[in-house]
Amino acid sequence: MSTNRGAADRGASTFTQLKRRDQLVDCAIGAVAELGFPRTSVAEVARRAGVSKGVVTYHFAAKDDLISAVIAHVLGSMTEYVQPRLLAAEPLTFPEKFIAAYIGTWVEYFRTHAREVIALVRIYNSFRDEAGHPNPAFDVRADEVTAVEHVLTHGQAKGLLGAFSARVMAASLKAVLDDLLTQFAADPDLDIEAYGTELAALFERAARPDPGADPAIAPGQAPPI
């Protein structure tokens, strides 16, 4: 009986510790979003959480560790939100509708998670290692560009999208969304939904098949003689 009780106590303790870590990460997000990265200190996070600095350093040895946890949390939130919505749009079945779904989903995430994305932008702009590089967690951007390129290439092969560099289009889509995120962080009153609608219309026009193009011929292929 004592062994089982000990395991239950450890489980409760672990749960309590995880809840405390989550609370501290949330307080750090709020501090960075409101005060900026330089003014977000361990003491400020402790004040917001209603605990001592020692409680913060028990869970996160230094500010850098806490900020790394914030980055991981927000990037994980992005994946949890965006990925299932894009899969629900069936991009390989309807690649011609993917651009609007892609932009719209990201814009909606920005709108509904404003505090998180503002904090992430401010961290990205200020948080560097000794070599001046951003946190390696941000490298997921390259994977996303590759995934978008794959959908666009598939749409071209089916004759549902026009002739263009899928790589350039994918990188451009990500770049304009990154820029929108930066603008939104600087001006939270920005009408990002209207902005996203304009972006979707612009990129959809650029991706349409050329008038009169044979949908049976994939971009880059020569027509049969």
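User: How many helices and how many strands does the protein chain have?

Analyst: This is a predicted model, and what follows is computed from it. Read along the sequence, the pattern of the protein chain is α-α-α-α-α-α-α-α-α. The count for the protein chain is 9 helices and 0 strands.

User: What percentage of the residues of the protein chain count as buried?

Analyst: A residue counts as buried when its relative accessible area is under 20%. The accessible surface of the protein chain comes to about 12600 Å², and 55% of that surface belongs to carbon and sulfur atoms. Of the 225 residues, the share that counts as buried is 37%.

User: Which element gives the largest share of the largest nonpolar core?

Analyst: The largest nonpolar core has 61 residues, and Tyr102, Ile103, Phe110, Leu152 and Leu173 have the most contacts inside it. The elements giving two or more residues to this core include α1, α2, α5 and α8. The largest share, 11 residues, comes from α4.

User: Is tyrosine 102 buried or exposed?

Analyst: Tyrosine 102 lies in helix α5. Leaving aside neighbours within four places in sequence, tyrosine 102 is in contact with Leu86, Glu144, Val148, Leu173, Lys174 and Leu177. Its relative accessible area is 1%, so tyrosine 102 is buried.

User: How far apart in space are tyrosine 102 and glutamine 83, C-alpha to C-alpha?

Analyst: In sequence, tyrosine 102 and glutamine 83 are 19 residues apart. In space, C-alpha to C-alpha, the distance between tyrosine 102 and glutamine 83 is 9.8 Å.

User: Why do the buried residues of α7 line one face of the helix?

Analyst: Helix α7 covers residues 140-157 and reaches 26 Å from its first C-alpha to its last, close to the 26 Å expected. Its buried residues are Glu144, Val145, Val148, Val151, Leu152, Gly155 and Gln156. Seen down the axis of α7, these buried residues line one face because they fall within an arc of 140°.

User: Which helices do the buried residues of α7 pack against?

Analyst: The face of α7 turned away from its buried side carries the exposed residues Asp143 and Ala157. The buried residues of α7 pack against α5 and α8.

User: Is threonine 40 buried or exposed?

Analyst: Threonine 40 is found in the loop between α1 and α2. Apart from neighbours within four places in sequence, threonine 40 is in contact with Ala28, Ala31, Val32, Leu35, Val45 and Lys63. With 2% relative accessibility, threonine 40 counts as buried.

User: What kind of aromatic pair do phenylalanine 37 and phenylalanine 127 form?

Analyst: The structure holds 6 aromatic pairs. Phenylalanine 37 counts as buried at 11% relative accessibility, and phenylalanine 127 counts as buried at 10%. The centres of their rings are 5.6 Å apart and the planes are at 45°, and the pair is tilted.

User: Why is the pair of tryptophan 106 and phenylalanine 110 tilted?

Analyst: Both residues lie in helix α5, 4 residues apart, about one turn of the helix. Tryptophan 106 and phenylalanine 110 are both buried. The ring centres of tryptophan 106 and phenylalanine 110 are 5.9 Å apart, and the pair is tilted because the planes are at 40°.

User: Which residues do ring pairs link into a cluster?

Analyst: Phenylalanine 110 touches residues including Val117, Leu177, Phe184 and Ile192, not counting residues up to four places away in sequence. Phenylalanine 110 also belongs to the cluster linked by ring pairs, which is made up of Tyr81, Trp106, Tyr109 and Phe110.

Methods: Residues are numbered from 1 along each chain as its sequence is written. This is a predicted model: local features need pLDDT of at least 70, side-chain atom pairs count only at pLDDT 80 or more; totals for chains, interfaces and linings use all residues. Side-chain values use heavy atoms; hydrogens and water are left out. The expected span of a helix is 1.5 Å times one less than its number of residues. Buried means under 20% relative accessible area, exposed over 50%, partly exposed in between (1.4 Å probe, protein chains only). The arc is that of the directions from the helix axis to the C-beta atoms. Contact means heavy atoms within 4.5 Å. A nonpolar core is a set of buried Ala, Val, Leu, Ile, Met, Phe, Trp, Tyr and Cys residues joined through side-chain atoms within 4.5 Å. Accessible areas come from the Shrake-Rupley method with a 1.4 Å probe; for residues, only the protein chains shown count as cover. Rings of Phe, Tyr and Trp (its six-membered ring) pair if their centres lie within 6.5 Å; planes under 30 degrees apart count as stacked, over 60 as edge-to-face and the rest as tilted.
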